[in-house]
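Here are some notes to read beside the model. They go from terms to the whole chain, and then to selected parts.

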Amino acid sequence: MSTPGSANKGPTQTGTRRFISGVVEGFYGRPWTMEQRTELFKREQKWGLNTYLYAPKDDYKHRMYWRDLYSAEEAEQLIALISAAKEHDVEFIYAISPGLDVTFSNPKEVAALKRKLDQVKEFGCRSFSLLFDDIETEMCAADKQAYSTFAHAQVAITNAVYQHLGEPETFLFCPTDYCASFCTPTVSQSSYLHTVGEKLLPGIDILWTGPKVVSHKISVESIEEVSSVLKRAPVIWDNIHANDYDPQRLFLGPYKDRPTELIPKLRGVLTNPNCEFYPNFVAIHTLATWCKAFPDGGQRDVEMGDEEQDRCYSPQKALTLALTDWLQEFMSADQPGARLKKESSEEEPMQTDMGESYVPGPDENPLYTAEPLTLNDLKLLSELFYLPYEHGATARTMLQELDWLKNQRSAAAAETDKTAEWCSRAQQFDDMCEAVVQMFNRLSNAPNRSILYDLYNYICDIKSGVGLARAYIKTLRGQRPPSAQVMNNDPEPWGFRGGLSGEFQRMLPCHGNRDLFRHPPMTEVYCIRPYCPEDKMEVQRVFREMQSAGEGKVPLMAQPPLVCDVLSEGEISPSPQCALILEDEIGVCGYALGLTDAKPAAAKIQRAVTDSVLEDFPSLVTIQVLPRVMDSSPANRMIGRLLSSIRSSGSRGAFCELRQSDRRMLDFYTKLGYFKPIKMAGLPQDIIAMGTSL
């Protein structure tokens, strides 16, 4: 292994354009300071990264007040920042987000945008980005008259600004549908993305986050698909280390689940990391290692073993390399700090002149000296705060052990054949808890206080949570519990964690369903039963309630009906054994209805369905559940049973119709995996048909 350096710059694109690699400051929350950004440039240069995208969501003049020019003082700071980036061979890209309230068709708005970017250009900036992420997709009346779609409006203003700035070599565009899960109905069939790909000038690069906003994995196949639609390789805006959506989580795991085969198929990768600056050492360091791991036979920072899935990059070896370098940062005092063993004593901060240093007597307490932080401490820290979709190995083991000890607690109360094993595993769990406490103590006394202060709330929280679990197991063992006992009718406030947000979550029926450690969740009990004629009014109630909930700016009466509406309204009865009702403790909360022959329903609303469609998908299905049913399992079971009944009738396939605005049911059918969009002539513009073969 070797420390990432600027000697090996990583992959380059064909031609003169280099592979974009670096950091986007694009999170919601307190922006980084100018000093921190300058420190970032130094690290990027040292590790071989080349780009910084300035896009802090809560910088007023980046997003909310994008029209306002920078003051003289602000201009001075930006000029210094752009200059610092150039000094360290980092490309500074200035991003602006006008999408909250811009009127695309108003020339004054376009002029305001150009004027703002012209000002930044005067500061020395030569690379720019227009971001249209996280905004409403409904255009105002004036824009609807000027543009046929939202995509056309965005493309028009982006192309105009790009040309006004002289077609800079680096110009990034962030679409509103910036990940696959936002695309309707799919990436390859998204009219929005097709418009962007066809109309956006070819010199403009496009940002993309992958399958989801925070993508667990990004595959080569998914990038090839979106590249085909966009007619260019995307720049990945990677949120794998972003934590702005959950103030209790921090991500210190390695850059992973992105095969290095992606590198030649991308224009670049930018990580949008944790809100806290200093804990991003691992995220950025491991990204730099990944960027230099392209499979061209060049020098790499880590050598792979035979056990690695990716021949060019090992996340664990990259993590060890990063943590080894980070340990040196922890040990570099940024202000007077605590004493470490084997080091000379220095004057403490705020200490007045007291003459000679105090030396305790033989019968007195010795002076406190902190144990030095170790690489194993940082490995443990990383495993406790790993990645959005997985805990580190130690965290998983602790959860598994706690779960086993709790479920086998009878072995602690009375002698059984598992008592010895229980006691042994309880001691091992206690040892792991103690390791967390000692890690906390050594981190708290590390000389670099800036890193500690960014970490402190997180490590304090995990130490307290581990302490509660530790006390619980000690109680089961019959040992004297600590004073902050978990089984207490009047505990200290640190005994019930999470505040109001935590209480809201615990009241929801599916709380725990998305925990990374799969534990049987506390959930509602549902009943699925056959439909009977007396259910007709309840089905109509659920149907109308969902229609009312989904009503947008277009009144429902003005929208064309769906074929399946006649089933829900009771105008046509479902086929025998093709109707199910979902109930919870309150009452009917959902239904699934089917017709083995869809022709009567189509005729009822005078919808022409071609023989070719009916040949492959002769049957019709519809399913609906109320919003209080937050668990998808009952709906999955209902549709499965319904399709099984339709298949038994001899049908070859079934279809359903959905409105594009009904994202809830679109997501449901899409995530089932076996319903696919089908082409059906004569469908109204806002209706999508999806079918499945049986």
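1. Terms first. A residue is buried if its relative accessible area is under 20%, exposed if over 50%, and partly exposed in between (1.4 Å probe, protein chains only). Helices (H or I, at least four residues) and strands (E, at least two) are DSSP runs, numbered from the N terminus.

2. Basis. This is a predicted model, where local features need pLDDT of at least 70, side-chain atom pairs count only at pLDDT 80 or more, and totals for chains, interfaces and linings use all residues. Residues are numbered from 1 along each chain as its sequence is written, and side-chain values use heavy atoms, with hydrogens and water left out.

3. The whole chain. It has 694 residues, and 48% of them count as buried. The secondary structure comprises 21 helices and 15 strands. Take contact to mean heavy atoms within 4.5 Å. Of the contacts with a separation of 6 or more, 76% link residues 24 or more positions apart.

4. The cores. A nonpolar core is a set of buried Ala, Val, Leu, Ile, Met, Phe, Trp, Tyr and Cys residues joined through side-chain atoms within 4.5 Å. The largest one has 122 residues. Phe92, Tyr94, Trp326 and Leu381 have the most contacts inside it. Beyond its neighbours within four places in sequence, Leu381 touches Leu252, Trp326, Met439, Leu443, Leu455 and Ile459. Another core lies apart from this one; it has 57 residues, including Phe655 and Met680.

5. Two strands pair if DSSP finds at least two bridges between them. Seven strands form an open sheet with mixed pairing, in the order β9-β10-β11-β12-β13-β15-β14. At the edges are β9 (527–530) and β14 (676–677), each pairing on one side only. Strands β10 (579–583) and β11 (588–595) run antiparallel, joined by five bridges. Ile581 stands opposite Tyr591 there.

6. Strand β13. Why is β13 largely enclosed by the rest of the structure? Seven of the seven residues of this strand (653–659) are buried, so the rest of the structure largely encloses it. Gly653, Phe655, Glu657 and Arg659 are buried on one side, and Ala654, Cys656 and Leu658 on the other.

7. Neighbours of β13. Strand β12 (619–625) runs parallel to β13, with two bridges. Leu620 has Phe655 as its bridge partner in β13. Between β12 and β13 the chain passes through helix α20 (633–648), in a right-handed β-α-β crossover. Right-handed means that, with the strands pointing away from the viewer, the path from the first strand over the helix to the second runs clockwise. Strand β15 (687–693) is antiparallel to β13, with seven bridges. Cys656 stands opposite Met690 in β15.

8. Thr195. This residue sits in helix α6 (191–199). Is Thr195 buried or exposed? Thr195 counts as buried, at 12% relative accessibility. Leaving aside neighbours within four places in sequence, Thr195 contacts Ala151, His152, Val155 and Leu200.
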